[in-house]
Each structure stands twice: as structure tokens, then as C-alpha cells.
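I set out to record how the parts of this protein are arranged and how they meet. The entries below follow the order in which I looked things up.

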Amino acid sequence: MAEILVLVDHSDGAVRKTTLELLTLARRLGEPSAVLLGPGADTAMEVLGRHGARKIYVVDAPEVKDFLVTPAVDALTGIAAGAAPAAILLTSGPDGKETAARVALRLDSGLVTDAVDVTAGPDGPVTEHSAFAATHQVTAHVTRGVPVITVKPNAVAPEPAPVTPVVEKPDVVFGPASVAVRVLSRTPRERGDRPELTEADIVVSGGRGVDGAENFAVIERVADALGAAVGASRAAVDAGWYPHSHQVGQTGTQVSPQLYLAAGISGAIQHRAGMQTSRTIVAVNKDADAPLFELADYGVVGDLFQVLPQLVEEIERRRS
Ligand code: FAD
């Protein structure tokens, strides 16, 4: 069976959930091989093997830690040249997409980005995409070279399939472009106990209807009761009620959780563009004609300040 290369998204060996999702998808296409760049192989090995990585290519050269994405491109291209994989999967994010585009160019291969699903077709991987603010579903298939595919977080639930991986340490030749821009420092972003917006299974977002920074505590309480990330509409972040890094939408973060709960958000097209691919959408709005109700699987017409505390109460009652 052909190898499917999966670029591991990790921090010193702490593997992100998105990689486990890619390994799960890769098993539909062939035999997953993880490509782990930088330090942390000992830490990452167990979780990668548990999710079906039969082989782990480890490249722990200083270049991959101290420079931007080009060393990853050199590494992936070099490994692909030796492995002749049937596909290369990466996470859809700024780094993943840049790396994917450069790898596809070097391999003279077709590239598809932002897939929301990947399946095995008769002539190779078939990808599903959500286009034009999720008003259209597009099916694509790479017709040239090794398909290079970036997949949005939460496309699939990670499923374990334990194997004992074989480790390979390939020699990678880094070109002069790899060391053209050195990273001078990294400062981890302060983060609380809540999950990352892009990785969360559940996102609870507030909009202009929240009516003030202090009122976002109502949204946070629901998020914490559900173990969710907090999102916000642009109206809410522009008003300074919540940090811009939490904006969901066309010009914010695009999320695709299992459950998206929007409170006090009207459902403008630019907001929908960032959340329409969520599996289940719940809207709480006091205006029964709010456009988001057209999209929502479940809707509550009501004042969020009355509805959300009752929701928290009910969640806690069922949990106790
Ligand atoms: P509103 O549209 O004002 O809606 C507030 C809603 O809250 C209303 O439906 C109201 O009925 C309801 N409400 C009020 N009080 C309560 C209450 N007590 N209980 C329950 N419901 C209540 N927007 C984004 O979100 N993300 C983007 O990335 C984004 N990018 C954009 C890019 C461009 C180029 C442009 C032009 C706009 C963009 N916008 C984006 C803005 C977008 O067009 C909307 O203006 C914005 O999404 C509106 O936010 P909102 O739904 O919170 O506010």
C-alpha cells in the first residue's frame, strides 16, 4: 500500500489534534507516515503510533527550528522524492498552506487547500471543499503529480489505530533559501485553560447583542460548561469587547467545530464564512428574523441573558 505523508504539527513533541485528524484521514488513502521536524520525537512517538503512523521520518536539524517554513519544504520534498507517496497531507493554517504550496511547486504537483473531507477515489484522493462562504460544496481531485492537500481542523474525529512505528532519520539537504530568514525569538502566547479556537470541538461565540466587554462573562460561562473555545463577531471585537484573535469569520478565524453556538450574532455573510461548515449550529437571538436562524440546526428566539444562564444551569444539572 502506498505511503501517505503527514506533516506533524507539534510543539517540542506535543502533537496537535489536527495531526491526529490527518492520520485518521490518511488511513483511508494508504499507509500513514508522519514527518516530524524539530525536537520532540521521543514525546511524539507514542501518540503518532497510537493513531496509525507506521513510519516516522524524524528531521531534527537546527534549520527546522531556527528558520521559517523553507526548511520544512526542503525536508518534505526530499522525503517525498525517496518515498514516492500517494499523497501529502498538511493542516490548513498559514504555515501548512505556505509549506504545501511550495512543496507542490517543487514536486510539480497539484495542490488543494482547505479540504473539509478527504476520501479514496478510483484515481487517488478526492477532496471536499466548502466554497463561496459555504454556499457551495466542491469536490476536487488532483490530476498531476503527488496530491498535496491541506485539511481544515475538525474535518474528522481522530480515531486510534495502534501500530509500532518504524523511525527513519533521512539526510536532508537544505538549500540556501532555507536559511535566508532566521527566527530571532519566540514568545508563547498567553492562553488560558480553554481550547484553541481552530482546534475546539465546540465554539461558543458572542456578538453585538452581548452589549459590552464585561457581559462576555456570560459567553465564557457557557464555553466553560461545555469545554469550548470562545469566539466573537467582528462587531464585538471592533467594539473592544473581546480580543481580535477570537474573531470568527471571513477576516477572522475560520472554524469548523462539531458544535457552534452563536449568541447575539445576526449572521452576516462575512460571519457565516467563518463558521458555516460547523457540524451543528445553534443560534440564540431575540430577533426571530435574524439571518443566522436560516442556517441554524437549532434556534432559540430569546434574550441571551436569560437563555444562556438557563443553559449553563441545565448542563451542570445533567453533569452532576
Ligand atoms: P449585528 O449584525 O448588529 O447583530 C447583533 C444581533 O444581536 C442582532 O441580530 C440582534 O437581534 C441580536 N441581539 C441583540 N441583543 C440581544 C440579546 N439581548 N439577546 C439575543 N440577541 C440579541 N463579521 C464577522 O463576524 N466576522 C468577520 O470576519 C467579518 N469580516 C468582514 C469583512 C468585511 C470586508 C466586511 C465588510 C464585514 C465583515 N464583518 C465580519 C462584519 C459583518 O458584516 C457584520 O457587520 C458583523 O458580523 C455583525 O456582527 P453581529 O452579528 O455581532 O452584529
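Entry 1, the interface. I began with the area buried between domain 1 and domain 2, which comes to about 670 Å², with 49% of it on carbon and sulfur atoms. I then sorted the residues on the side of domain 1 that touches domain 2, and they divide into 5 nonpolar, 2 polar and 1 charged. I note that the model is a predicted one.

I looked up which residues take part, and found 8 residues of domain 1 in contact with 9 residues of domain 2.

I checked the bounds in the domain assignment, which gives domain 1 as 3–179 and domain 2 as 202–319. I then took the centres of domain 1 and domain 2 over C-alpha atoms and found them separated by 32 Å.

Along the principal axes, I found that the C-alpha trace spans about 60 × 45 × 40 Å. I finally compared the radius of gyration with the value for a compact globule: for 320 residues that value would be near 20 Å, and the protein has 21 Å, so the two agree.

Definitions and conventions
Residues numbered from 1 in each chain as written. Predicted model: local features only at pLDDT ≥ 70, side-chain atom pairs only at ≥ 80, totals over all residues. Heavy atoms only, no water. Domains from an automatic or database assignment. Contact = heavy atoms within 4.5 Å. Buried area = accessible area lost by both parts, 1.4 Å probe. Nonpolar A, V, L, I, M, F, W, Y, C, P; charged D, E, K, R; others polar. Rg over C-alpha atoms; globule rule 2.2 N^0.38 Å.
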